[in-house]
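Please read them with the structure open.

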Amino acid sequence: MRVPSNRAPGRSAVDSASSALAVLTVSIGTAGLAAAATCPGLLAEVDQHAAAVRDALGGDRRPLTPAALAGYAEGVRDAAREHGWQPPTRSTDFAEADWLLTRLLAVCALARSLGTQPAPLPTL
């Protein structure tokens with residue numbers, strides 16, 4: 001979900017980005033950020049990663065958006081998959097979170113900080 005920087009995202013792009021962030025939040029964000037709240041070391045790592053993500057997206061020059069965060073997370077996951085990474089399929093021990101999970105948790109934390117509610121997940 002990449003939106004060219006010279007164009008404002010349309011409603012469907014915003015909905016798609018919000019949905020992508022909702023899926024990420026459900027899959028790792030909720031449990032991971034709850035774990036970070038009780039583990040100061042993990043919280044510090046998430047904060048450091050969040051600062052790096054904000055810098056990578058130019059957050060000091062323009063506001064972060066759901067589209068930018070969703071696109072960043074997609075790029076990180078795509079690159080990891082090219083190197084054989086598989087998303088967690090069961091309960092994850094976030095106290096031992098690797099770089100990738102910590103980075104994705106940082107995206108979830110930044111999305112939460114935007115103060116917008118992600119779009120609800122589609123019902124099956």
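1. Helix α2 is followed by G58, whose phi is positive, near 70°. Helices here are DSSP runs (H or I, at least four residues), numbered from the N terminus. The model is predicted: local features need pLDDT of at least 70 and side-chain atom pairs count only at pLDDT 80 or more, while totals for chains, interfaces and linings use all residues. Residues are numbered from 1 along each chain as its sequence is written, and side-chain values use heavy atoms, with hydrogens and water left out.

2. α2 itself has 17 residues and reaches 24 Å from its first C-alpha to its last, close to the 24 Å expected at 1.5 Å a residue. The expected span is 1.5 Å times one less than the number of residues.

3. Within α2, the buried residues are L42, V46, H49, A50 and V53. Buried means under 20% relative accessible area, exposed over 50%, and partly exposed in between (1.4 Å probe, protein chains only). Seen down the axis of α2, its buried residues fall within an arc of 110°, so they line one face of the helix; the arc is taken over the directions from the helix axis to the C-beta atoms. The face turned away from this buried side carries the exposed residues P40, Q48 and D55.

4. Helix α3 covers residues 66-82, and its end C-alpha atoms are 24 Å apart, which agrees with the 24 Å that 17 residues should span at 1.5 Å a residue. Buried positions in α3 include L69, Y72, A73 and R77. Just after α3, G84 takes a positive phi of about 90°.

5. How many salt bridges does a search of the whole structure find? The search finds one, where a salt bridge is a side-chain nitrogen of Lys or Arg within 4 Å of a carboxyl oxygen of Asp or Glu. D78 forms a salt bridge with R81, with the closest N and O atoms 3.6 Å apart. The two are three residues apart in helix α3 and so are separated by about one helical turn. D78 is partly exposed at 29% relative accessible area, and R81 is partly exposed at 41%.

6. The largest nonpolar core has 31 residues, of which L24, I28, V53, L69, L104 and V107 touch the most other members. Such a core is a set of buried Ala, Val, Leu, Ile, Met, Phe, Trp, Tyr and Cys residues joined through side-chain atoms within 4.5 Å. Elements giving two or more residues to this core are α1 (11-38), α2 (40-56), α3 and α4 (99-113). The largest share, nine residues, comes from α4.
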